[in-house]
Amino acid sequence: MLLLTVVVAVVGLITPPALADDVTAAYTSLRTGWDDNEPGLVPSQVGAPDFGQLFASSVDGQVYAQPVVANGVVLVATENNKVYGLDPVSGAQKWTRSFGPAWPVSTVNCGDLVPTVGVTSTPVYDSSTGTVYLTSKVNDGPDAQHPHWYLHALDIKTGTEKAGFPTTIKGAPTNNPTVPFNPMTAMQRPGLLLLDGVVYAGFASHCDYTPYVGYVVGVNASTGVQTTMWSTEAGTSDEEIRRRARAHIEQGPITAGYQADRETVIRLLNEALATELVCVLRYKRHHFMATGIHAQAVAQEFAEHATEEQAHADQIAERITQLGGEPDFSPDGLLGRSHSEYVPGEGLLEMIREDLVAERIAVESYAEMVRYLADRDPTTRRLVEEILAKEEEHADDLRMLIQRLSERGGEP
Ligand SMILES: [Fe+2]
Ligand SMILES: [Fe+2]
């Protein structure tokens, strides 16, 4: 059992001014440490013979939490999960409580706070209800790997626990449910904050014991109901991302975080590649076969489309290789893999109509791919979205060509 002496110094012992309560870490919720109502701490008083130690009281355990002074009580909490209400003038013990067995730090092989963790953070006092709030780590699970963190609410005058408390801190952060709270690795060091009826506690990790994220936990000061758990990091940790990046380095850009079925995406892309290649061939044919008085402008449009479909084919082929697949350029079965058909077309208007049908097929199939890829493979999805936008432009160009030709009396 560790015994530690709490030394309290009080200014102006002979004619004591009203003692200012000290109810939260670093004096204010802003943690400034600045008491602008200090009744009279001036150099002459600090140097006066009556300035000095007022009392010494023994407590069980190391004291890391700043004592709270409120409502005629000095509240001291220890790493052995002992809490004391002391008289601020005499140091006499008014009451004491134990929160249960403190947690052995040796569980995580850590040199900090040896030998036990109980209450580490500075409590916070609510002057409107006379309640002081504290967190404690208690070794009350089946083994030291499964302790619990509690938020206590004590009447500072008597040490009696308030109804609805203690609250067991648990659950998963609302902004990152994949990293549930682990009471074993979690450490609560920052002073508690009381804000708008909620007590907030910040958690990190003992000795950076991994894996961990930071948590901010809120508990309703009246009811003891946990109101929030928020993670300071959302998503996969850097450490995990780095580990995955080193694994299967031969897969290039494909990491363990890749959410899509790679084989499926490669098959879909090869179908899109075939569709684009068939479009290139059809537009080329139409370009060279366009005849009649309106042919020149239309033929030019066909040529531009052919060039752009070729660019799409190249982009798709490149993505297939990035995904570790092989782009299928084989003429065997090209039409079978393509979504659109190859219709030579008789006359200008029919050619344009067939091209419009093909573009509409492309629009439909790319839109479907975008829905499938969603968040599973955002890179491929963005590529497909870009191509989709271009196909919609193509379809619109062709629609306008048909309209213009119809206005001029159709085919020459
Ligand atoms: Fe295309
Ligand atoms: Fe197109």
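Trainee: How many bridges join strand E10 to strand E11, and which way do they run?
Mentor: 8 bridges join E10, residues 131-138, to E11, residues 148-155. The two strands run antiparallel. Bear in mind that this is a predicted model.

Trainee: Which residue stands opposite Trp149 of E11?
Mentor: Lys137 does.

Trainee: What holds paired strands together in general?
Mentor: Backbone hydrogen bonds. The pairing can be parallel or antiparallel.

Trainee: Back to E10 and E11. What sheet do they belong to?
Mentor: An open sheet of 4 strands. The order is E9-E10-E11-E12, with antiparallel pairing.

Trainee: Which strands are at the edges?
Mentor: E9 (124-126) and E12 (167-168). Each of these pairs on one side only.

Trainee: Which way do the residues of E4 point?
Mentor: Val73, Leu75 and Ala77 point one way. Val74 and Val76 point the other way. All of them are buried.

Trainee: What about E3? How many bridges join it to E4?
Mentor: 3 bridges. E3 is residues 68-70, and it runs antiparallel to E4. Ala70 has Val73 of E4 as its bridge partner.

Trainee: What's in the turn of that hairpin?
Mentor: The hairpin of E3 and E4 has 2 residues between the strands. Asn71 takes a positive phi near 55° there.

Trainee: And how many bridges join E4 to E5?
Mentor: 4 bridges, again in an antiparallel arrangement. E5 is residues 82-86. Look for Val76 opposite Tyr84 of E5. E4 and E5 form a hairpin too, with 4 residues between them. Asn81 in that turn has a positive phi of about 65°.

Trainee: Zooming out, how many helices and strands does the protein have?
Mentor: 7 helices and 17 strands.

Trainee: Which domains are assigned?
Mentor: The domain assignment gives domain 1 as 3-235 and domain 2 as 255-407. Their C-alpha centres lie 66 Å apart.

Trainee: Last one: what share of the residues count as buried?
Mentor: 33% of the 412 residues.

Terms used
Residues numbered from 1 in each chain as written. Chains lettered and ligands numbered in written order. Predicted model: local features only at pLDDT ≥ 70, side-chain atom pairs only at ≥ 80, totals over all residues. Domains from an automatic or database assignment. Buried ≥ 20, exposed ≤ 12 C-beta atoms within 10 Å, placed from the backbone. Pairing = 2+ DSSP bridges.
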